[in-house]
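User: Could you walk me through this structure, please? I am new to this and would like to take it slowly.

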Amino acid sequence: MRRISLPALTGAALLVAYGMVFFYAPIEEDQGFVQKIFYLHVPLAIVTLCGFIAGALMAGMYLRSGNREWDARSYVALHVSLILGVGGLITGSIWAKASWGHWWVWQEPTLVSYLIILLLFCCYQPLRFAIEDPERQARYAAVFALTGGAFIPVNFIAVRMAAAYTHPRVFQVTGAQLPLSMGVTFVAALAAIALLFVTMFRFELRAKAMRRRLHALERLVSAQLDEIPAPPRHGPPARVGDGAAGVSRPAAPVPVRSL
Amino acid sequence: MPALPLGDAGRYVAMAYVVLLALLALYIGIMARKVARAERRMSELDELLRQREP
């Protein structure tokens, strides 16, 4: 039997889920058509927060094992989560404008805490690439990711315990406050966005692995050429395709990006 | 099949979905550019090695 590729599965899941949003799920009585944003914004927010936690766990695995693959996975998980998180933030803001009449409400703990988490992880990349030594870079980034990840459940509980909020609470201890058709549609949308996360994660991880192999190959080729000595181990890759021998070294050392 | 209302609500819903599509398109575009650059460098290396072969 032929296996279905992950991108195809993701595309199909997105089509089915958002087809259900517009053609199966009923229009909510209170909010009307604007509630359709819920099927996009909430899965994005959930997947983002889960992605941050997954990135933190992967960072923990790196600290435990010292295997650089876990560091790369953690980096990619946090990067993809950040992209989806920005989507969640913008779609939430659009919903707030339509529903509350304001793009942003600073008194709302859910919004502000989500923004804090997003801004926290926005600091991950500048922190990471400010450190030149690849080993230290990976270690510091892992500690940062782990701390940020631990902050998410604490933050979630704190927001839930806050007395005054205007943000709708769909999922409560007593169960989901949704009719079945809306619940099924929401689960389909959540699954589709989760698949989108996995697809982006795998794609970016493969692209990074390919670039790492390419840099290693460039170093090897450069070392084999008589005219030019091999570049330093963690230095930037030699540029190929110009110069008399076909390979030229960069004029000055450039800060390292190990990923 | 529910009728899609074309009022203010429709505008906001469209805006939210277009934002996500645009974000994804941007991401795919940037990643595709990076992969294309890596492929180009790979073929340059391949060509270089081919030239060095006796």
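Analyst: Let me start with terms: helices (H or I, at least four residues) and strands (E, at least two) are DSSP runs, numbered from the N terminus. This is a predicted model, in which local features need pLDDT of at least 70 and side-chain atom pairs count only at pLDDT 80 or more, while totals for chains, interfaces and linings use all residues. Residues are numbered from 1 along each chain as its sequence is written, and chains are lettered from A in the order in which they are written.

User: OK, in what order do the elements of chain A run?

Analyst: From the N terminus on, the order is α-α-α-α-α-α-β-β-α-β-β, and chain A has 7 helices and 4 strands.

User: And how many residues does each chain bring to the contact between A and B?

Analyst: Chain A brings 31 residues and chain B brings 25, where two residues are in contact if their C-beta atoms, placed from the backbone, lie within 7 Å.

User: Switching topic, which residues touch the most other members of the largest nonpolar core?

Analyst: They are A:Val34, A:Ile37, A:Ala189 and B:Tyr12, in a core of 58 residues. Such a core is a set of buried Ala, Val, Leu, Ile, Met, Phe, Trp, Tyr and Cys residues joined through C-beta atoms within 7 Å, and buried means that 20 or more other C-beta atoms lie within 10 Å of a residue's own. The largest share of this core, 14 residues, comes from α2(A).

User: What does A:Ile37 touch?

Analyst: Leaving aside neighbours within four places in sequence, A:Ile37 is in contact with A:Thr91, A:Ile94, A:Trp95, B:Tyr12, B:Val13 and B:Ala16.

Note on methods:
A residue is buried if 20 or more other C-beta atoms lie within 10 Å of its own, exposed if 12 or fewer, and partly exposed in between; C-beta atoms are placed from the backbone.
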